Amino acid sequence: MLVLEYKAVVKKAQSVAIDEAIRTSQFVRNKVLRYWIDNRGVGKKDLYQYNTQLRTEYPFVKDLNSHACQASVENVERAISRFFDNCKKNKPGKKGYPRFKRDTRSVEYKTSGWKLHPTKRRITFSDKKGIGELKLLGKWDIHTYPLDLIKRVRIVRRANGYYVQFCVKVDAATEPRMANGEVGLDVGLEYFYSDSNGYHEENPRFLRKAEKAIKHAQRRIYSKEKGKNNRRKAKGQYARKHLRVSRQREEHALRVARNVCKANAYVAYEELNVKGLVRNRRLAKSISDVAWSAFRRWLEYFAIKFGTQVVAVPPHYTSQKCSGCGNVVKKGLSTRTHTCKCGCVLQRDVNAAINILSKAKSTGGHPGSNAWGVATSTLLGATQACASCDVEPRIPRLIAVGSVKHSSIAPLPSKGEAAK
Ligand SMILES: [Zn+2]
């Protein structure tokens, strides 16, 4: 599955109609979820029947294309099965009980309710929400794919406007690798990652760099009177600054992951509980700023693309153990150099990276199964793998900018960061 994304040119009245369609799809989702919660043991079929009932009950639900309503039900279904999966596998921590949504930003159509203009530069939504015809900007050409390969069309609202995504049922092309190295990666705060060959990838710290401007934009919101237009505008400026940072981060993670997979046949990384780490308040901002989860997701993606083997190892003693002799050399976080009695002196993270690689090779590690988080996606005319289509539900979403080649692919920011 590829996802092509275009920015849409939207008139005022159309934006009202799109918001209304988004709100309706959220309404259907929450109603169906409520129904599932209140009626223990109801099955898939009951959920769809309840959806039909909603359509007769509420005229505004009927106005939304029937397949778009179904897509909302599918969304609930996915949330439920994810929850059951986690329970079955006894995943540590929270199991992800399905939650109600308050801030949905997209509405998804299937193969009906929309029509592409013959030039494929325009799309018309024909249900009774009155969205009408939208002009599409971006050069990644949707018309190189036959119409019947387009399985989903999504309208996404972001801080800087509306985007139309097409999920196209094709496999991402594979590319040859440039070299067949083996490498262990230790991600950290000092460097984005350090590898077992002694290379350090700098940490770009996009948030720190933009922090001043973001704080300024945030303060501006409170200086405007509540409920007034200027306040709304200030909020938009603030959200767009965040959107920019999250795009930069995602693009950086993508570029680095791509380079790693392109140059290596075997990549080992340490499985980190990023969510758990971010709970440490003193480190939270730095950790969020380095985008490890995105990095991991992209590693998995490019592993397929370049035929690289990517394995994750559990994080035990990788930084304390000596990579030369195997003795444990205790050190605090602030000790940056690993010095062992056996004469082994290494930068701390490099020592850890070597341990990660040898651990992966000795235990076989395991394919990084947790790396397929579902992210949201962005950028003009982008290519992504689709997270909600039937074919392969857990592929990361990929995006490329305009007509540019794959090196500039960038995915979208994750939910909370993008717009507030
Ligand atoms: Zn040693």
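Q: What makes β2 and β6 count as a pair of strands?
A: Two strands pair if DSSP finds at least two bridges between them. Strand β2 (residues 106–109) and β6 have four bridges in the antiparallel sense, so they meet that requirement. One place to look is S106, which stands opposite V156 in β6. Strands here are DSSP runs of E with at least two residues, helices are runs of H or I with at least four residues, and both are numbered from the N terminus. A word on the source: this is a predicted model, in which local features need pLDDT of at least 70 and side-chain atom pairs count only at pLDDT 80 or more, while totals for chains, interfaces and linings use all residues. Residues are numbered from 1 along each chain as its sequence is written, and side-chain values use heavy atoms, with hydrogens and water left out.

Q: Why is strand β6 called mostly covered?
A: A residue is buried under 20% relative accessible area, exposed over 50%, and partly exposed in between (1.4 Å probe, protein chains only). In β6 (residues 150–158), seven of the nine residues are buried, so the strand is described as mostly covered.

Q: How do you know that β6 also pairs with β7?
A: Eight bridges join β6 to strand β7 (residues 161–168), and the two run antiparallel. R157 has Y162 in β7 as its bridge partner. The link between β6 and β7 is a hairpin of two residues.

Q: What are the antiparallel partners of β4?
A: Strand β3 (residues 114–116) is joined to β4 by three bridges, and K115 has T124 as its bridge partner. Strand β5 (residues 132–137) pairs with β4 over four bridges, with F125 opposite G132.

Q: What makes the span of helix α5 agree with expectation?
A: The expected span of a helix is 1.5 Å times one less than its number of residues. For the 18 residues of α5 (residues 206–223) this should give 26 Å, and the end C-alpha atoms are 26 Å apart, so the two agree.

Q: Where does α5 bend, and by how much?
A: The bend is at K212 and amounts to about 45°. That angle lies between axes fitted to the seven residues ending there and the seven starting there. Among the buried residues of α5 are F206, A210 and I214.

Q: Why is E250 called buried?
A: Its relative accessible area is 6%, so E250 falls in the buried class. E250 sits in helix α6 (residues 229–263).

Q: How do you know that E250 and R297 make a polar contact?
A: A polar contact is a pair of N or O atoms within 3.5 Å; within protein, one must be able to donate a hydrogen and the other to accept it, and residues adjacent in sequence count only if both atoms are side-chain atoms. The side chains of E250 and R297 are in contact at 2.3 Å, so the distance lies within the limit.

Q: Why is R244 called exposed?
A: R244 has a relative accessible area of 56%, so it is exposed. R244 is also in helix α6.

Q: What makes C322, C325, C340 and C342 donors of the zinc ion?
A: Donors are N, O and S atoms within 2.8 Å of the metal (3.2 Å for Na, K and Ca); water is not among the atoms, so sites may look incomplete. The SG atoms of these four residues lie at 2.2 to 2.3 Å, so they qualify. Their spacing in sequence is C-x2-C-x14-C-x1-C.

Q: Why is the arrangement around the zinc ion called tetrahedral?
A: Four donors count as tetrahedral if all angles lie between 85 and 135 degrees; four count as square planar and six as octahedral if opposite donors are over 155 degrees apart and all others between 65 and 115; anything else is irregular. The angles here are 106 to 114°, so the arrangement is tetrahedral.
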